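Subject: Structure handover

Hello,

The structure you asked for is below, with the sequence. My notes on what was found in it follow.

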Amino acid sequence: MKTALSTLSLFLAIESSIAGEQGKTLLAIGDSIAAGQTFPDYIFRSGYGYNDVLFEHLQENYGFDTFADASCAAESTSNVLNATMGNTDCTNESPPFPSLCYAEFCNDENFFPPIPGNSQIDAAERYMESHPGEVGLITISLVANDLTPCLETPDVQSCIFSGIANTQANLPEIVTLLGAYGAPIIGSNVYNPALSFTLSDDPNLLPLGFLSEAIFGLVNDAVEGTYAALGVPVVDMFTAIHGTSDKLLNLCRHTGMCVEADDGTVSITEDLDITDDQHPNELGYSKIGQAFVELVDNGNIVPTGSPVTDAPTVSPTTGSPTASPVAPTSSPSLPVSPAPTNKTKGKKAMGSGKKQKRKNESYFS
């Protein structure tokens with residue numbers, strides 16, 4: 001009896017100790033893909049996004065208890081650093097667009113800042129400063145909205161190269177500012193919703209669909225090279241959505257851009273709403289989430305012990321890593337194409353499942 005009581009006391013003591021430990025936080029940075037937006041009807045935070053899938057795994061296996069979601073629909077790498085982008089209101093219809101979440105003058109209740117701040121990076125820094133050592137992992141899903149203006153320009157090639165250069169200039173600053181707080185970071189490349197345009201009979205969309213394969217190859221090469229130079233591991237979101245074969249069929253199965261019939265044939269979605277239907281469905285997000293989980297588990301990225309408790313040791317303006325530009329100088333020239341016409345359990349810092357439509361339409365919102 002005495003032995004049994006001693007064993008019980010030891011068990012209760014261990015359980016109490018575990019319950020008193022400070023859990024770790026997943027901090028999400030990015031655009032609507034990071035937020036888990038899905039179709040139809042612009043459901044901004046579905047609750048089954050890839051970060052939700054990852055957070056559940058981190059809860060069960062790494063002692064995480066908080067999901068701090070700073071992501072915002074339509075964010076480019078520039079928006080993350082500068083919410084207003086020189087704008088004074090939210091009504092402009094051409095880029096650069098302000099942040100729908102962090103530019104005060106937008107003032108839309110559907111796009112309230114998930115974490116308070118003057119920009120997404122400011123919100124993330126404020127959170128880590130007020131919760132020192134609690135963030136155990138940062139995920140970043142960006143880049144695609146750097147290409148948004150290219151949908152409305154006749155010079156697609158120049159616009160794409162400009163978007164790539166913008167990404168290569170901003171990602172190192174974003175990673176440096178976030179990395180100063182000691183938490184590991186995982187980035188991601190992007191998938192290609194425009195591949196579905198190869199199914200279209202629209203004379204504007206069809207050539208862009210074929211052009212998109214070369215475009216996204218260049219973009220992902222640049223993104224992966226930039227992250228590699230910064231020492232940041234990258235989740236292959238492209239393969240998660242498209243697979244390694246039947247890339248168009250898998251896109252139809254994992255997003256709203258196109259549909260698969262019972263006989264296995266595919267067709268572009270009727271009454272396609274690009275800004276909504278481009279997003280993954282629950283299966284698509286689960287595929288992306290699993291890719292993040294596998295990278296975390298196989299890459300020993302997240303320590304299983306206590307989170308880092310030290311204050312930042314790297315100044316955001318000095319001693320920062322620098323990424324050598326990965327310019328697609330040897331890439332093939334792109335033909336010019338006409339512009340198209342157009343449950344998670346546990347504690348969360350903030351989130352919303354409201355339905356809303358964006359004021360500024362964005363290809364990869």
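Ser188 belongs to strand β4, which covers residues 185-188; helices (H or I, at least four residues) and strands (E, at least two) are DSSP runs, numbered from the N terminus. Ser188 counts as buried because its relative accessibility is 0%. Here buried means under 20% relative accessible area, exposed means over 50%, and partly exposed is in between (1.4 Å probe, protein chains only). The side chain of Ser188 comes to 3.2 Å from the backbone oxygen of Ile140. That is a polar contact (a pair of N or O atoms within 3.5 Å; within protein, one must be able to donate a hydrogen and the other to accept it, and residues adjacent in sequence count only if both atoms are side-chain atoms). Beyond its neighbours within four places in sequence, Ser188 is in contact with Ile140, Ser141, Val223, Tyr227, Val234, Val235, Met237 and Phe292, where contact means heavy atoms within 4.5 Å.

Two points on how to read all this. The model is predicted, so local features need pLDDT of at least 70 and side-chain atom pairs count only at pLDDT 80 or more, while totals for chains, interfaces and linings use all residues. Residues are numbered from 1 along each chain as its sequence is written, and side-chain values use heavy atoms, with hydrogens and water left out.

For the overall picture, the protein chain has 11 helices and eight strands. Of its 365 residues, 52% count as buried. The chain exposes about 15800 Å², of which carbon and sulfur atoms supply 53%; accessible areas come from the Shrake-Rupley method with a 1.4 Å probe, and for residues only the protein chains shown count as cover.

Next, strand β1. In β1 (residues 24-30), seven of seven residues are buried. Lys24, Leu26, Ala28 and Gly30 make up one covered side, and Thr25, Leu27 and Ile29 the other. β1 runs parallel to strand β2 (residues 64-69), joined by five bridges, and Leu27 has Ala68 as its bridge partner in β2. β1 also pairs in the parallel sense with strand β3 (residues 135-141), over six bridges; there Gly30 stands opposite Ser141. Two strands pair if DSSP finds at least two bridges between them.

Now the nonpolar cores. A nonpolar core is a set of buried Ala, Val, Leu, Ile, Met, Phe, Trp, Tyr and Cys residues joined through side-chain atoms within 4.5 Å. The largest has 63 residues, and those touching the most other members are Leu27, Ile29, Ile138, Ile140, Leu178 and Val219. At least two residues of this core come from each of β1, α5, β3, α6 (156-179) and α7 (205-230). Helix α7 gives the most, with 11 residues. A separate core of 30 residues includes Tyr62, Val293, Val296 and Ile301. In soluble globular proteins, nonpolar side chains tend to be buried together. Not counting residues up to four places away in sequence, Ile138 touches Leu27, Ile29, Met128, Leu178, Ala183, Pro184, Ile185 and Ile186.

Where are the salt bridges? The whole structure has three, a salt bridge being a side-chain nitrogen of Lys or Arg within 4 Å of a carboxyl oxygen of Asp or Glu.

- Arg45 and Asp69 meet at 2.5 Å, N to O. The pair links distant parts of the chain, 24 residues apart: Arg45 is in the loop between α2 (32-35) and α3 (50-62), and Asp69 is in strand β2. Arg45 counts as buried because its relative accessibility is 9%, and Asp69 is buried as well, with a relative accessible area of 3%.
- Arg126 and Asp122 meet at 2.9 Å, N to O. Both are in helix α5 (residues 120-130), four residues apart, about one turn of the helix. Arg126 is partly exposed, with a relative accessible area of 39%.
- Glu260 and Arg253 meet at 2.9 Å, N to O. Glu260 is partly exposed at 34% relative accessibility, and Arg253 is partly exposed with a relative accessible area of 38%.

Last, Thr198 sits in the loop between β4 and α7. A polar atom of the Thr198 side chain lies 2.7 Å from the backbone oxygen of Leu195. Leaving aside neighbours within four places in sequence, Thr198 is in contact with Leu206, Gly209, Phe210 and Leu248.

Regards
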